[in-house]
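Work through the exercises below with the sequence and the model open side by side. Try each task before reading its solution.

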Amino acid sequence: MVHRHGFEAFDKSLKDILSSDDSSNCQQPFGGKTIVFGGDFRQILPVIPSGSRQDIVNASLSSSYIWNNCKVLRLAKNVRLTVGGELHDVEQTKVFAQWLLDLGEGNIGGSNDGEAIIEIPDDLLIMDSHDPISDLIDFVYPSIIQNFSVATFFQERAILAPTNEVVDEINDRLLSLIPGDEKEYLSSDSIYESENLQEGFDQRLYSPDVLNGLKISGLPHHRLVLKVGVPVMLLRNIDQRNGLCNGTRLKVLMLGSRVIEAEVISGSNIGKRTFIPRIALTPSDKKIPFKFKRRQFLIAVCFAMTINKSQGQSLSKLKAEMDSNS
């Protein structure tokens, strides 16, 4: 969800532009234009790096002066999850959907001041397991060694996890189960030459090993290990017209030295083959005191993905790893 400052800036821009035609427009929200917002505060809130709960709430649209002028329209029927299913499955889906709504509204766990103990139904849990991750893998990817070559096997399956560290652990374990030879791709990392012009900048402090060890959100890792047949996800928009957008999932078909051939397995272009090249990217993370670029394939293995990344994905079989330490 976008930070409220983005909406407020858009509101002020429209007021300035449209007031040239009618001075009264500067007094109306968005200059008198009707604006439709979409989203759910119970799902994805604005991302505030190292922000507290108060910072996140303050960044939400509901904390903006614009919210007082908004009319909320609520969707009452979840058509996507009920069309084409058996009667028993539809009833189970309704019960689960109602439980999610009650959870999002804070109706489960009794009255609280923001923290509560939530009792999750037993049918949603893996009970008495010595190795929960293996049980997750067996549920979401049954007989993966026999089925990984089936074209549709990975289309609507995924394991969700709250942190990138847990995602990497699950992906590494599943990658080791896939038969075939691994191919390792290492990125080329370098500091921008313009940075050397800054006073007091010592390039010796930022050796290639230091740059290679940086793991930044939205940027591929320095070391990328792949096998033919594994599912991967694009980390940036490459070709929006042909459906190669951030979050698109693909299946690896060929591992070359300069390009990777893959087949789209999500979205509206399922079955389309494409070639993915290495691309140089510069991270925008303000925590890094210098600018550097990384040249790497803009993909990541996606047997498992973070909950944020799963937004917009169509998944019919999934499980979430919610370790108490996450």
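Helices here are DSSP runs of H or I with at least four residues, strands are E runs of at least two, and both are numbered from the N terminus. The model is predicted.

**Exercise 1. Overall make-up**

Task: State how many helices and strands the protein has, and what share of its residues is buried.

Solution. 
- Step 1. Count the elements: the protein has 8 helices and 12 strands.
- Step 2. Apply the burial cut-off, which is under 20% relative accessible area. Of the 326 residues, 31% count as buried.

**Exercise 2. A nonpolar patch**

Task: Find which residues make the nonpolar surface patch, then place Ile118 in the chain.

Solution. 
- Step 1. List the members: Phe96, Leu100, Leu103, Ile118, Ile120, Leu124, Leu125 and Met127. Together they make a patch of about 610 Å².
- Step 2. Locate Ile118. This residue sits in the loop between α4 (87-105) and α5 (132-140).
- Step 3. Classify Ile118. Its relative accessibility is 32%, so it counts as partly exposed.
- Step 4. Take a distance from Ile118 to Asn212. The two are 94 residues apart in sequence, and their C-alpha atoms are 41 Å apart in space.

**Exercise 3. Salt bridges between strands**

Task: How many salt bridges does a search of the whole structure find? Trace the partners of Glu184, Arg294 and Arg273.

Solution. 
- Step 1. The search finds 6 salt bridges.
- Step 2. Glu184 pairs with Arg223, with the closest N and O atoms 2.4 Å apart. Glu184 lies in β2 (residues 183-186) and Arg223 in β4 (residues 223-226), so the pair ties together parts 39 residues apart in sequence. Glu184 counts as partly exposed, at 43% relative accessibility.
- Step 3. Arg294 meets Asp189 at 3.0 Å, N to O. Arg294 is in β9 (residues 292-297) and Asp189 in β3 (residues 188-191), 105 residues apart. Both Arg294 and Asp189 are buried.
- Step 4. Arg273 pairs with Glu261, with the closest N and O atoms 3.6 Å apart. Arg273 belongs to β8 (residues 273-281) and Glu261 to β7 (residues 259-264), 12 residues apart.
- Step 5. Compare the partners in that last pair. Arg273 is exposed, with a relative accessible area of 55%. Glu261 counts as buried, at 15%.

**Exercise 4. Positive phi**

Task: What is phi of Phe30, and what is phi of Ser143? Are these residues buried or partly exposed?

Solution. 
- Step 1. Start from the background: most residues other than glycine have a negative phi.
- Step 2. Phe30 has a phi near 55°, a positive value. Phe30 lies in the loop between α1 (4-18) and α2 (53-59). With a relative accessible area of 4%, Phe30 is buried.
- Step 3. Ser143 has a positive phi of about 50°. Ser143 is in the loop between α5 and α6 (144-147). At 46% relative accessibility, Ser143 counts as partly exposed.

Definitions and conventions:
Residues numbered from 1 in each chain as written. Predicted model: local features only at pLDDT ≥ 70, side-chain atom pairs only at ≥ 80, totals over all residues. Heavy atoms only, no water. Patch = residues over 30% accessible without salt bridge, like charges linked within 9 Å, V, L, I, M, F, W, Y side chains within 5 Å. Areas by Shrake-Rupley, 256 points an atom, 1.4 Å probe, with all protein chains shown as cover. Salt bridge = Lys/Arg side-chain N within 4 Å of Asp/Glu carboxyl O. Buried < 20%, exposed > 50% of the residue type's maximum accessible area, 1.4 Å probe, protein only.
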